[in-house]
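The model is a predicted one.

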Amino acid sequence: MSQIFSPPWWAKNPHIQTILPVLTKVDKPQLRRERLELSDGDFIDLDWQGSPKENQPILVIIHGLEGSAQSHYARRMLAACKALDLCAVVHHHRSCSGELNRLVRGYHSGDTQDLQTSLSHLKAQYPSSRLLAAGYSLGGNVLVKYQGEQQERSLIDRGVAISPPLQLGSCANRLEKGFSKVYQSYLIKQLQEKMRGKIARPELQPLMPINKSDIEQLKTFYLFDDKITAPLHGFSDVDDYYTRASGLPYLSQITKPTLVIHAKDDPFMTNAVIPTPQQLSAQVQYELHDNGGHVGFIEGGSPWRPQYYLEKRVLNFLTSLEASPC
């Protein structure tokens, strides 16, 4: 099924598409927190909006790098779910719910184990509820990888990945160029701050692969992932991490209805993330739009009150009754 997204004249620039949603006020949702204790001694937090009634679905929101339930896209999706009386829950990656996690490890772009833990918990608590999922950016890559790994065993009945960086190495390289360096700097500073927090803990400091002064030198994703992400999560180096964690190879393995949405002008991406038809399974529907930026997709309104394509499109796909193969 072909979908048409067309931005207004004032929002054709990819950086307006990417930045304006961050600056636009969205009402803070009223959420209920549930903490899951993990088998390795750590924890992850789920933020709930509503509770599912018998046989009603649950929408699982998987946020992006350094995101949370308070990210602009999560707030908008939660508001859209509330209007439809659809129960929603935000799966937080470790350290992203406002509290630093307990272990030296954190989260990464291919971390599907924690997502499986959350989904298994939801299935155990609400066995009659279908699980739907929307993954944004890094969370979209995690969703694609999870769907491809689990195939028929996937606990997600229908999923949507928005702006997923399906080839991590090419995306890291893109963020070192031009205006995209602004996004890299913004996110790296947040990651550095969390690493300082861990080094400040006496029980974690000896386990860290770097010291406090080294953190300041890690100004690109490539360096950060090589010196921190890879060694802390069982990868031999940054290239091993980017190869094994990228979602693109998993698209052909997916057996549950899954929609992937990209924009050609995404300042976080290159054409390397765009799959060929041969790389898509029959259950993957792929949308590539000329415009949209990174998790933007403003389609109307005014710069002061923008209107968005994503919530309507995502919820239409997730709540339709039949699969939509391409």
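Helix α1 (residues 14–23) supplies the largest share of the nonpolar patch, namely three residues. The patch covers about 460 Å² of the surface and is made by Ile19, Val22, Leu23, Phe179 and Val182. Val22 has its place in helix α1, and because its relative accessibility is 49%, Val22 counts as partly exposed.

Helix packing is described next. The axes of helix α6 (residues 180–199) and helix α8 (residues 221–232) come within 10 Å and cross at roughly 25°. Angles under 35 degrees count as roughly parallel, so α6 is roughly parallel to α8. The crossing in which α6 passes α8 is left-handed.

Side chains of opposite charge can pair when their charged atoms come close. Across the whole structure, 20 salt bridges are found. In one of them, the side chains of Arg94 and Asp42 meet at 3.0 Å, N to O. Arg94 lies in the loop between β4 (87–91) and α3 (113–125), and Asp42 in the loop between β1 (32–37) and β2 (43–49), so this pair ties together parts 52 residues apart in sequence. Both Arg94 and Asp42 are buried.

Arg105 and Asp111 also form a salt bridge through their side chains, at 2.9 Å, N to O, and both residues are buried. A further pair, Lys312 and Glu299, has its closest N and O atoms 2.4 Å apart. Lys312 counts as exposed because its relative accessibility is 55%, whereas Glu299, at 24%, counts as partly exposed. Finally, salt bridges with shared partners join Asp40, Asp42, Arg94, Arg105, Asp111 and Asp114 into one network.

Methods. Residues are numbered from 1 along each chain as its sequence is written. This is a predicted model: local features need pLDDT of at least 70, side-chain atom pairs count only at pLDDT 80 or more; totals for chains, interfaces and linings use all residues. Side-chain values use heavy atoms; hydrogens and water are left out. Patches are made of residues with over 30% relative accessible area and no salt bridge: like charges are joined within 9 Å, nonpolar side chains (Val, Leu, Ile, Met, Phe, Trp, Tyr) within 5 Å. Accessible areas come from the Shrake-Rupley method with a 1.4 Å probe; for residues, only the protein chains shown count as cover. A salt bridge is a side-chain nitrogen of Lys or Arg within 4 Å of a carboxyl oxygen of Asp or Glu. Helices (H or I, at least four residues) and strands (E, at least two) are DSSP runs, numbered from the N terminus. Buried means under 20% relative accessible area, exposed over 50%, partly exposed in between (1.4 Å probe, protein chains only). Axes are lines fitted to C-alpha atoms, for helices over the stretch in contact, and angles run from 0 to 180 degrees between N-to-C directions. Angles under 35 degrees count as roughly parallel, over 145 as roughly antiparallel, 65 to 115 as roughly perpendicular and the rest as oblique. A crossing is left-handed if the near helix is turned anticlockwise from the far one by less than a right angle, and right-handed if clockwise.
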